[in-house]
Amino acid sequence: MDKAKLKHIAIIMDGNGRWAQCRSHERIWGHIRGSKIVSNIVEEADDLGVQALTLYAFSTENWSRPLGEVTVLFKLLKKFLLKERSRILKNNIQFKVMGDTSKLPEKTKSLIKDLEEESNSNTGLKLTFAFGYGGRDEIVQAANNFIKENPGKELTEELLQSYLLMPHLGDVDLMIRTGGDQRISNFLLWQSAYAELYFTETKWPDFTRVEFRKIVEFVSKRERRFGNVCSSDLQTSKLMAVENKEIITNL
Ligand code: IPE
Ligand code: IPE
Ligand code: MG
């Protein structure tokens, strides 16, 4: 598999709090430092020719965190929007936020809306921030919206997919989690059915373009079988079919 086949990469940006605590700082230090490296990773994704990059910034479960921490995360989102707007537009990036943003301050909501509109016709990297996002929530919402619009009709995989928040992004090819934990934490559950998973011990504020590139190169070498056998076995099994006929008949 070559790099170009990893069209959609999703990253769980984890480990900010522990990064700060290791240095005897408050957890919010980690969030501040972590927010500063996001643009490096976006640039690297662009350079690698990735089509879509989806970043997990705030989960539905993160609402249970102390108010002070949640407020800092809100502020950092606003700062990112103000600071990165021109770079996003200059680099032809299409920016979107997916999730429940209703509790964000009005100013942040309007910054999101403006940047989404301004970058909507951009044809480069599709950069999506998952904020106030939960995979289960997304699937339940999709199913409910489908039922409302199509009473009595049977739901199929294709139809459900089309009712997700960002159907145009398609399936996730590679999901990376920083921070050392090996779980998905309710991120893109439907879209990751066949994603390659990669967990790194590196905490998000220490994650670099170089490590990101190495992961992409490493995972690009994996063979993805999607339930099938590998391509060389497929060839051999055709050749063996005649010889195996007797065995199969006698089973
Ligand atoms: C990830 O870092 C950022 C968010 C969840 C918003 P954490 O804050 O979860 O950092 P750790 O996992 O506690 O170190
Ligand atoms: C996942 O990290 C959410 C984000 C990175 C935004 P968490 O730190 O919230 O996940 P858990 O609680 O360790 O599973
Ligand atoms: Mg965490």
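**View 1. The whole chain, as a predicted model.** Welcome to the overview: this is a predicted model, in which local features need pLDDT of at least 70, side-chain atom pairs count only at pLDDT 80 or more, and totals for chains, interfaces and linings use all residues. Residues are numbered from 1 along each chain as its sequence is written, chains are lettered from A and ligands numbered from 1 in the order in which they are written, and side-chain values use heavy atoms, with hydrogens and water left out. The secondary structure comes to 8 helices and 6 strands (DSSP runs numbered from the N terminus, with H or I over at least four residues for helices and E over at least two for strands). Along the sequence they follow the pattern β-α-α-β-α-β-α-β-α-α-β-β-α-α. The C-alpha atoms fill a box of roughly 70 × 50 × 35 Å along the principal axes.

View 2. An oxygen atom of ligand 1 is 2.8 Å from a side-chain N or O atom of Asp14.

**View 3. The shell around ligand 1.** Have a look at the 13 residues around the ligand, of which Asp14, Gly17, Arg18, Arg27 and Arg65 come nearest (a residue is near if one of its heavy atoms lies within 4 Å). By class, this shell has 3 nonpolar, 5 polar and 5 charged residues (Asp, Glu, Lys and Arg count as charged; Ala, Val, Leu, Ile, Met, Phe, Trp, Tyr, Cys and Pro as nonpolar; the others, Gly among them, as polar). Helix H1 gives the most to the shell, with 3 residues.

**View 4. The loop around Ser185.** Ser185 lies in the loop between strand S5 (174–177) and strand S6 (196–199). Ser185 counts as partly exposed because its relative accessibility is 31%, between the limits for buried (under 20%) and exposed (over 50%), with a 1.4 Å probe and protein chains only. The C-alpha atoms of Ser185 and Lys103 are separated by 21 Å, with the two residues 82 apart along the chain.

Note on methods. A polar contact is a pair of N or O atoms within 3.5 Å; within protein, one must be able to donate a hydrogen and the other to accept it, and residues adjacent in sequence count only if both atoms are side-chain atoms.
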